[in-house]
Amino acid sequence: MKIYTKAGDDGKTSLFGGKRIPKYADRIESYGTIDELNSFIGVLVDHLQNEDMKAFLLDIQHNCFNIGSVLATDPASGFKLPCVEASDIEIIEKAIDTMQVMLPELKNFILPGGHPAVSYAHVCRTICRRAERRVVALDNTEKVDQNIILYLNRLSDYFFVLSRYIGMELGVGEIKWQSK
């Protein structure tokens, strides 16, 4: 099977279910940004030593793939695909709470940096925020499962706390923002 089909040469792509839409559509932007996030989570994992953290992030990658699959499916197709559940959101919240009790109180804005893993966690945070904005835009025109929006919102918070936690584990000081 060839990887290229030439079917997208006209600026359109097919959703799961067969419907063709422009490659710049909100739906494509949404699942494309989720795919980008998933890729950067993989880069983050490759920079980590903590096996429990890596396993947790692998679960997040699976959830992101499920979200992308749902967003890549024509809602009129009637296909039901696995998606995130309220329990997945609770798992993210518990992970945030667990890390946060070990971190010093945040009294300043902080800048990404100090170690590649810290920086990649921040990249994941910002891509996740963009994915959330794209999905919310899509939700304004086509109904989206609200658990997807809630999950992405919590996930971006998770990546912020994770960046701080990774820095703490590595003994890397936070870079405080200083106004001019």
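How many aromatic pairs does the structure hold? In this predicted model, the number is five.

One of these pairs joins Phe40 and Tyr120. Its geometry is tilted, with 6.5 Å centre to centre and 35° between the planes. The pair links distant parts of the chain. Phe40 belongs to helix H1, Tyr120 to helix H4, and the two are 80 residues apart. Elsewhere, an aromatic cluster is formed by Phe56, Tyr158 and Phe159.

Helix H1 covers residues 26–46 and also contains Asn38. This residue has a relative accessible area of 11%. Buried means under 20%, so Asn38 counts as buried. Leaving out residues up to four places away in sequence, Asn38 touches Gln61, Cys64 and Phe65.

The largest cavity holds about 80 Å³ of space. Strand E3 (110–111), helix H4 (116–141) and helix H5 (146–170) each supply at least two residues of its lining. H5 gives the largest share, three residues. The lining includes Ile110 and Leu111, together with Val118 and His122. Ser163, Arg164 and Gly167 are also among the lining residues. Gly113, Val172, Gly173, Glu174 and Ile175 line the cavity as well. By class, the lining of the largest cavity has five nonpolar, five polar and two charged residues.

Open space was treated separately. The largest pocket contains about 310 Å³ of space. It is lined by 15 residues. Closest to the pocket centre are Val70, Pro75, Phe79, Lys80 and Asp145. The lining of the largest pocket divides into eight nonpolar, two polar and five charged residues.

Definitions and conventions:
Residues are numbered from 1 along each chain as its sequence is written. This is a predicted model: local features need pLDDT of at least 70, side-chain atom pairs count only at pLDDT 80 or more; totals for chains, interfaces and linings use all residues. Side-chain values use heavy atoms; hydrogens and water are left out. On a 1 Å grid over the protein atoms alone, a cavity is a set of points where a 1.4 Å probe fits but cannot get out, and a pocket is an open set with protein on both sides within 12 Å along at least five of seven lines; lining residues have an atom within 4 Å of a point. Grid points are joined across faces, edges and corners, and a volume is the space filled by probe spheres set on the points. Ala, Val, Leu, Ile, Met, Phe, Trp, Tyr, Cys and Pro count as nonpolar, Asp, Glu, Lys and Arg as charged, and the others, Gly among them, as polar. Helices (H or I, at least four residues) and strands (E, at least two) are DSSP runs, numbered from the N terminus. Buried means under 20% relative accessible area, exposed over 50%, partly exposed in between (1.4 Å probe, protein chains only). Contact means heavy atoms within 4.5 Å. Rings of Phe, Tyr and Trp (its six-membered ring) pair if their centres lie within 6.5 Å; planes under 30 degrees apart count as stacked, over 60 as edge-to-face and the rest as tilted.
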